[in-house]
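Here is a short briefing on one protein chain. Look over the sequence and the structure first, then read the points by topic.

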Amino acid sequence: MRAFVLQALRFLGVGGVSYVVDTGLFNLLLLADVESVTAKTLSTAVAIVVSYVGNRWFTFRASSAVATRGEAARQVVSFLAVNLVAGAIGIGCLWASRTLLGFESALADNIAANVVGVGLGMVVRFVLYRAVVFRSARVVAPDGAAPVAVPESEPMVTAERAA
């Protein structure tokens, strides 16, 4: 439980930095008269890069540090897929606010994209990062029994390295 709480706090810290990058760039682009959905798309893309670096090397470093080249490539692809889904949630909230509800102020844009959208996206990201992107390595028991998860606090061994 302690490892989970520590991991969740690290995730929130990385997410906080990514959030500042995302909202800061979004608002700078709005001030530069960039259309809001385009601005959110660009700011989300930059925040995804910041988030990947922070989560790979800080939040989920135990599962990333021992990743093989193939595993690292899988992490990048799955990370991008998860973030496309989560980023689409924020952009979709902004689109719905503007198009369906008719709210067009900068305040409404920020609430839709950076409060509602980011909040929903954060939950999706944490669950999918743990389950799919930075999942714990599995070690196959010598007798062919079911794989056993390696706790985050212990060194990780991939099945390939265990053999």
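Aspartate 33 counts as exposed because its relative accessibility is 72%; exposed means over 50% relative accessible area, buried under 20%, and partly exposed in between, with a 1.4 Å probe and protein chains only. This residue is found in the loop between H1 and H2.

The model is predicted: local features need pLDDT of at least 70, side-chain atom pairs count only at pLDDT 80 or more, and totals for chains, interfaces and linings use all residues. Residues are numbered from 1 along each chain as its sequence is written, and side-chain values use heavy atoms, with hydrogens and water left out.

**Overall layout**

- The chain has six helices and two strands. Helices (H or I, at least four residues) and strands (E, at least two) are DSSP runs, numbered from the N terminus.
- Along the sequence, the pattern reads α-α-α-α-α-β-β-α.
- Of the chain's 163 residues, 37% count as buried.
- Take contacts in the chain between residues at least 6 apart in sequence: 64% of them join residues at least 24 apart. Contact means heavy atoms within 4.5 Å.

**H4 against H5**

- Helix H4 spans residues 69-100 and helix H5 residues 106-133; their axes come within 8 Å and cross at roughly 155 degrees. H4 is therefore roughly antiparallel to H5.
- Axes are lines fitted to C-alpha atoms, for helices over the stretch in contact, and angles run from 0 to 180 degrees between N-to-C directions. Under 35 degrees counts as roughly parallel, over 145 as roughly antiparallel, 65 to 115 as roughly perpendicular, and the rest as oblique.
- The H4 and H5 crossing is right-handed, meaning that the near helix is turned clockwise from the far one by less than a right angle.
- By class, this contact of H4 with H5 has 16 nonpolar, eight polar and four charged residues. Ala, Val, Leu, Ile, Met, Phe, Trp, Tyr, Cys and Pro count as nonpolar, Asp, Glu, Lys and Arg as charged, and the others, Gly among them, as polar.

**H2 against H4**

- The axes of H2 and H4 lie 10 Å apart, at an angle of about 150 degrees. Their crossing is right-handed.
- On the H2 side, the residues that meet H4 include Ile48, Ser51 and Tyr52. On the H4 side, Phe79, Asn83 and Leu94 are among them.
- The contact of H2 with H4 has nine nonpolar, seven polar and three charged residues.

**Nonpolar cores**

- The largest nonpolar core has 11 residues, among them Ala8, Phe11, Ile48, Phe79 and Phe126. A nonpolar core is a set of buried Ala, Val, Leu, Ile, Met, Phe, Trp, Tyr and Cys residues joined through side-chain atoms within 4.5 Å.
- H1, H2, H4 and H5 each supply at least two residues of this core. H5 gives the most, with three.
- A second, separate core has six residues, including Phe26, Ala39, Leu94 and Ala113.

- Serine 78 is in helix H4. It counts as buried because its relative accessibility is 12%.
- Leaving aside neighbours within four places in sequence, serine 78 is in contact with Val132 and Val133.
- Asparagine 83 is found in helix H4. It counts as buried because its relative accessibility is 1%.
- Beyond neighbours within four places in sequence, asparagine 83 is in contact with Ile48, Ala88, Arg125 and Tyr129.
- Asparagine 83 and serine 51 are 32 residues apart in sequence and 9.4 Å apart in space, C-alpha to C-alpha.
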